[in-house]
Amino acid sequence: MAAIDNLPPLREVIATHGLSAKKALGQNFLLDLNLTAKIARQAGDLSQSDILEVGPGPGGLTRALLAEGARRVLAVEKDARCLPILEEISATYPNRLHIIHGDALEVDVLAHLTPPVRVIANLPYNVGTELLVRWLTPPVWPPFWGSLTLMFQREVAERIVAQPGSKAYGRLALLSQWRCNARIVMDLPPEAFVPAPKVRSAVVHLTRLDKPRFEADAALLSRIVAMAFNQRRKMLRSSLKALAPDIQDRLLAAGISPTERAEQISLEGFCALAREIART
Ligand code: SAM
């Protein structure tokens, strides 16, 4: 297959710049540009969108996003060692790559993006879940992004798409599926990365819904779900005791048996309970 751009192969780039992977920054790099192109394509047509990429590292995915026609890429990278590499990519794609050196948990990305926006990233494992929860729980909906195409450890990806009754079902599944369609679109073995992590990885694609699937107050739903799954083996009448003195009656009014456990309750059930609790 032809090279996707005229830049040097990633192995050469990493060697030239002496970029040894740092565990503390969750650095597991993708060096196969065919693979990064495949990930970029999972997000659909990029030509009309700004792309937010968190953690571009040496730029394997960044190069794929640009080669696949992204209108503009905003790349937020914490590791200063990656900046000269990213500047070289920027020079190859004039005015299409904007690099910010900083922590994605702190940078105000909205100031640098023009809608429509898609988020596409091979996330650092240590901040990946926190970023996802933030993107799923903004104060107003719809959020700034139209879709999220994100690489996670396979176990986290499974928690996002999990259904009631499974061990993986919990807060991530409920927050994701309440306001998005979510599916796993790619599976990657450890050998796809340098260095190879211990576990498999997967790419999840989430597209936002204009309106939540069921009505509920976001903060209250989030609180109820966190309480219920914090003690997932307990019956709901006990795990949610602190929520309302008459929790048994509230559960019954929401159509939920007080002796059921969190993992048996559907998204619809949790939303009904949130509405019931909000009635007071
Ligand atoms: N996108 C590259 C790839 O696919 O090869 C690198 C992915 S690597 C899993 C995660 C990247 O996120 C690293 O480059 C790391 O330095 C960066 N990173 C870690 N924590 C970050 C943070 N809080 N904000 C921004 N970038 C971060």
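This is a predicted model: local features need pLDDT of at least 70, side-chain atom pairs count only at pLDDT 80 or more; totals for chains, interfaces and linings use all residues.

A pocket here is an open set of points on a 1 Å grid over the protein atoms alone, with protein on both sides within 12 Å along at least five of seven lines.

Start by colouring the strands: seven of them make an open, mixed sheet in the order 4-3-2-5-6-9-7. Its edges are strand 4 (97–101) and strand 7 (180–188), each pairing on one side only. Look along the sheet and you will see a twist that averages 20° from one strand to the next.

Now select residues 72–77, which are strand 3; five bridges join strand 3 to strand 4 in the parallel sense. Show Val 73 and find Leu 97, its bridge partner in strand 4.

**The largest pocket.** Switch to the surface, where this pocket has a volume of about 920 Å³. Select Gly 26, Gln 27, Asn 28, Pro 124 and Tyr 125, the closest to its centre of 46 lining residues. Colour by class to find 23 nonpolar, 15 polar and eight charged residues.

**The second largest pocket.** Which space comes next? The second largest pocket holds about 360 Å³. Val 109, Leu 110, Arg 134, Trp 135 and Phe 144 are the closest to its centre among 20 lining residues. Helix 5 again gives the most, with three residues. By class, this lining has 17 nonpolar, no polar and three charged residues.

How values were computed:
Residues are numbered from 1 along each chain as its sequence is written. Side-chain values use heavy atoms; hydrogens and water are left out. Two strands pair if DSSP finds at least two bridges between them. Helices (H or I, at least four residues) and strands (E, at least two) are DSSP runs, numbered from the N terminus. Axes are lines fitted to C-alpha atoms, for helices over the stretch in contact, and angles run from 0 to 180 degrees between N-to-C directions. On a 1 Å grid over the protein atoms alone, a cavity is a set of points where a 1.4 Å probe fits but cannot get out, and a pocket is an open set with protein on both sides within 12 Å along at least five of seven lines; lining residues have an atom within 4 Å of a point. Grid points are joined across faces, edges and corners, and a volume is the space filled by probe spheres set on the points. Ala, Val, Leu, Ile, Met, Phe, Trp, Tyr, Cys and Pro count as nonpolar, Asp, Glu, Lys and Arg as charged, and the others, Gly among them, as polar.
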